[in-house]
Amino acid sequence: MLHVSDTYKPLLEEPELYNSRIVDNYIKLIKVRYSYINIDELLKFAGMETYQVADEGTWFTQTQINNFHKRLRELTGNRDIAREAGRYAASPDALGAMRRYVLGLIGPQNAYEQFEKTAAKFTRSSKYKTRRIGKNKIEIRVTPNKGIKEN
């Protein structure tokens, strides 16, 4: 039985940087490809609760995210679990039919132009700025916020 991580001690001054949507995507991947993992225990290890992951208004700290990733890598044996979760987020399984249809209508160029607004819904660690620099080129500039060190 896994116990709550002793390494997670919430610090009032630690900023909440990552939206629960990110963790929710991992949970969806776990349910599909790693169904043997006890999600409640994984979340407890990270200092998270199921209801927080379900609430898109919840934000997690770097410590919580680090603990989540650490334990998930241990449980899956997959050192590239973050990459797998990112690929899964863009997969037809994760997107659903309607989202795939809408994304097909707006096209990749318009999607990249909206990236600036979309990124702010997932992370507070950096500022994202996009601009069109050519007919088929978009520039994305990422500037870390002052005092933030991402892992």
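These legends describe close-up views of a predicted model.

**View 1. Aromatic pair of Tyr26 and Phe68.** The structure holds two aromatic pairs. Tyrosine 26 belongs to helix α1 (residues 20–33) and phenylalanine 68 to helix α4 (residues 62–76), so the pair ties together parts that lie 42 residues apart in sequence. Tyrosine 26 counts as buried because its relative accessibility is 6%, under the 20% limit. Phenylalanine 68 is also buried, at 1% relative accessibility.

**View 2. Aromatic pair of Tyr34 and Tyr36.** Tyrosine 34 and tyrosine 36 form an edge-to-face aromatic pair. Their ring centres are 6.3 Å apart, and the angle between the planes is 75°. Tyrosine 34 is buried, with a relative accessibility of 11%, whereas tyrosine 36 is exposed, with a relative accessible area of 55%.

**View 3. Arginine 21 over the ring of phenylalanine 122.** Arginine 21 lies over the face of phenylalanine 122. The distance from the ring centre is 5.7 Å.

**View 4. Arginine 124 over the ring of tryptophan 59.** The ring of tryptophan 59 has the charged end of arginine 124 over it. That charged end is 3.8 Å from the centre of the ring.

**View 5. Nonpolar surface patch around Phe115.** Tyr112, Phe115, Ile140 and Val142 make a nonpolar surface patch of about 340 Å². Phenylalanine 115 is located in helix α7, which covers residues 115–119. With a relative accessible area of 31%, phenylalanine 115 is partly exposed. This value can count toward a patch because patch residues need over 30% relative accessible area.

**View 6. Hairpin of strands β3 and β4.** Strand β3 (residues 126–134) and strand β4 (residues 137–144) run antiparallel and are joined by eight bridges. The two strands form a hairpin, with two residues between them. Serine 126, in the view of this pairing, stands opposite proline 144 of β4. In a regular strand, side chains alternate between the two faces of the sheet.

Technical notes
Residues numbered from 1 in each chain as written. Predicted model: local features only at pLDDT ≥ 70, side-chain atom pairs only at ≥ 80, totals over all residues. Heavy atoms only, no water. Patch = residues over 30% accessible without salt bridge, like charges linked within 9 Å, V, L, I, M, F, W, Y side chains within 5 Å. Areas by Shrake-Rupley, 256 points an atom, 1.4 Å probe, with all protein chains shown as cover. Salt bridge = Lys/Arg side-chain N within 4 Å of Asp/Glu carboxyl O. Helix = DSSP H or I, 4+ residues; strand = E, 2+ residues; numbered from the N terminus. Buried < 20%, exposed > 50% of the residue type's maximum accessible area, 1.4 Å probe, protein only. Phe/Tyr/Trp six-rings, centres within 6.5 Å; stacked < 30°, edge-to-face > 60°. Lys NZ or Arg CZ within 6 Å of the ring centre and 35° of its normal. Pairing = 2+ DSSP bridges.
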